[in-house]
Amino acid sequence: MTLDLQVSPHVSLTPLLFHRGHVGAAAPAHPLGGRRVGEGTGLFAHELLVPDGAVFDLWSGSADVHTQRHGCVHYSSDGQWLHGFAEIDDAAFEGGLHAAARQAYTDLFDVLAQSRSPHLLRLWNYIAHINAPDADGVERYRHFNAGRQQAFIDARRSAFDGTPAACALGTRKGPLRVFFLAGPRAPLAIENPRQISAYRYPASYGARSPTFSRAALADVGGGRQALFISGTASIVGHATLHIGDVRRQTGESLANMGAVREVAALRAGAEFAAPELIYTVYLRHRSDLAVVREVFERHVGAHSAAAREAVYLQADICRAELLVEIEAHAFVHQESPV
Ligand code: 3EB
């Protein structure tokens, strides 16, 4: 069975859309038409800015999907693809966010180890008050990073080269949630020549580095490959650029994605043109929507499917100076090069 994420071109892989539905083609895309998402499911804490959602089922087209629980992990599988989330209320967890992140990932790795889909393709990390200091004065994102990296090491999974693609966003409230997509074959990790690998960031960004690759390229069967580009921000080398300037930050994020698309194209033997991707845009401030949208739409083409189908969400970004982060995925019809 192939990964059936391309039921329609309107599919976004943002976890809320796994659960809440995809973007209807006719959905009104009013910049101020935001509404709170997650009502009804309790799963998602971000405010959806654009557009109003509709319905999509990851597993439509799949025959037998089993939903199960192990530890803090809720997951579904069709026997080949595994999707779900780990959830821990870190505020009530002994050891706080560090311990919660370590436990969430440990439970996830247990599930994967017992499955036929042990290889992570993509992770989405959602953390309440990601930029706030914890009781010890250390930023919560740094505690998360420490616990996450430790779990990779505990499970003897690489916390460096070859680690999965990911994003890490801040929510207003709620437990730590780590959504994941795993499959039967290891993806190829891709780095960005414009950026230092996040897992090699200097210690000034935290004692333990973030554990993610810039993108993952996966053979998804049926002569197709999927590219998952991690959350991408205005970082060059390891430095945050254009502090306070959301327009330039958006441009820099898109330049970074362009560099990742180029490397991915060489590895895949197929192009990943900007308008061919499906995007999710996270904004720290909803008041930046018009500017971010203008820059983004100029990049992908105002009348492209990418512009029509992009999803904009309000979220905190993992560095306090970052105002925008963009993630994307794409499929190409191309066998994996040997
Ligand atoms: C960055 O490039 C911006 O901690 O999993 C992007 C994607 C970012 C993933 C993560 C963080 C993460 O460092 C932040």
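This briefing looks at the ligand site and the salt bridges of the structure above. The model is predicted, so local features need pLDDT of at least 70, side-chain atom pairs count only at pLDDT 80 or more, and totals for chains, interfaces and linings use all residues. Residues are numbered from 1 along each chain as its sequence is written, and side-chain values use heavy atoms, with hydrogens and water left out.

**Around the ligand**

- The ligand has 14 residues around it, and Tyr141, Arg148, Tyr201, Arg214 and Cys318 come nearest (a residue is near if one of its heavy atoms lies within 4 Å).
- This shell divides into 9 nonpolar, 2 polar and 3 charged residues; Ala, Val, Leu, Ile, Met, Phe, Trp, Tyr, Cys and Pro count as nonpolar, Asp, Glu, Lys and Arg as charged, and the others, Gly among them, as polar.

- An N or O atom in the side chain of Tyr141 is 2.5 Å from an oxygen atom of the ligand.
- Tyr201 places a polar side-chain atom 2.6 Å from a ligand oxygen.
- For Arg214, a polar side-chain atom lies 2.8 Å from an oxygen atom of the ligand.
- The protein covers 100% of the 360 Å² of accessible area that the ligand has on its own (Shrake-Rupley method, 1.4 Å probe).

**Salt bridges**

- With a side-chain nitrogen of Lys or Arg within 4 Å of a carboxyl oxygen of Asp or Glu as the rule, the count comes to 13 salt bridges.
- One of them joins Glu87 and Arg177, whose closest N and O atoms are 2.5 Å apart.

Note on methods: Polar contact = N/O pair within 3.5 Å; in protein donor to acceptor, adjacent residues only side chain to side chain.
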